[in-house]
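My notes follow the structure.

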Amino acid sequence: ILALSTITLVGCMSFSDRPMRPIRNAILEQNPEITLKKEIAINIGAGMFNFLDAIDFDDSNLSDIDSVHMAVYKVYGQKADKKFTSQTVQGALLEKDASLHWEQIVRVRDDGENVWVFAGMDLARNTLEIISVFVMERDELILISVNGDIEKIMRYALESAHGRRDDTRAG
């Protein structure tokens, strides 16, 4: 049983950037002056979350997560004044999954760092399917994508946080 569990769990993880390649390739296509070299990539599939949910006694509903993909790239050749735009990121997301409607929900621009958070929505089913986070620093690009029942995951996270936080209302 232990060997079968180990094989199953290892099969639910990989260290390839394959799920993020459409985004990486679209960014490279739109910015031919840069080069991206993968530093690390981690992909965790639904099997791992189902397993963790089965051994978790806290009702965390991890099985609502279908997959998590993360890739970190070293950026070469980017000019200091070069700014990625939300159109660059949105175009890259459309390359990854054109069946979803992508909406920018957060953007942070700081000196030397840009952060975007996009929501991928299935308009036909009226569901939130994917949250994607992009962090572009001068010499590093971080891509994170969480797929699953995002609305249910967010509801659980907010309910849990509500029960744990102190009453901080000004009075």
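This is a predicted model: local features need pLDDT of at least 70, side-chain atom pairs count only at pLDDT 80 or more; totals for chains, interfaces and linings use all residues.

Strand β2, residues 35-45, pairs with strand β3, residues 65-76, in the antiparallel sense. I noted 10 bridges for this pair.

Next I looked up the pairing of β3 with strand β7, residues 140-148. These two strands also run antiparallel, joined by 9 bridges. Here H69 is the residue I wrote down, and S145 in β7 stands opposite H69.

I then turned to the helices. At what angle do the axes of α2 and α4 cross? For helix α2 (residues 21-30) and helix α4 (residues 86-96) I found a crossing at roughly 135°, with the axes coming within 8 Å. The two helices are therefore oblique to each other. The crossing of α2 past α4 is right-handed.

I listed the residues in contact. From α2 these are P22, I23, A26, I27 and Q30. They meet Q87, T88, G91, A92, L93, E95 and K96 in α4. Sorted by class, the contact has 6 nonpolar, 4 polar and 2 charged residues.

Last, I checked charge pairs. Side chains of opposite charge can pair when their charged atoms come close. I found 6 salt bridges in the structure. One of them joins K74 and D139, with 3.0 Å between the closest N and O atoms. This pair links distant parts of the chain, 65 residues apart. K74 sits in strand β3, while D139 lies in the loop between β6 (127-137) and β7.

Methods. Residues are numbered from 1 along each chain as its sequence is written. Side-chain values use heavy atoms; hydrogens and water are left out. Two strands pair if DSSP finds at least two bridges between them. Helices (H or I, at least four residues) and strands (E, at least two) are DSSP runs, numbered from the N terminus. Axes are lines fitted to C-alpha atoms, for helices over the stretch in contact, and angles run from 0 to 180 degrees between N-to-C directions. Angles under 35 degrees count as roughly parallel, over 145 as roughly antiparallel, 65 to 115 as roughly perpendicular and the rest as oblique. A crossing is left-handed if the near helix is turned anticlockwise from the far one by less than a right angle, and right-handed if clockwise. Contact means heavy atoms within 4.5 Å. Ala, Val, Leu, Ile, Met, Phe, Trp, Tyr, Cys and Pro count as nonpolar, Asp, Glu, Lys and Arg as charged, and the others, Gly among them, as polar. A salt bridge is a side-chain nitrogen of Lys or Arg within 4 Å of a carboxyl oxygen of Asp or Glu.
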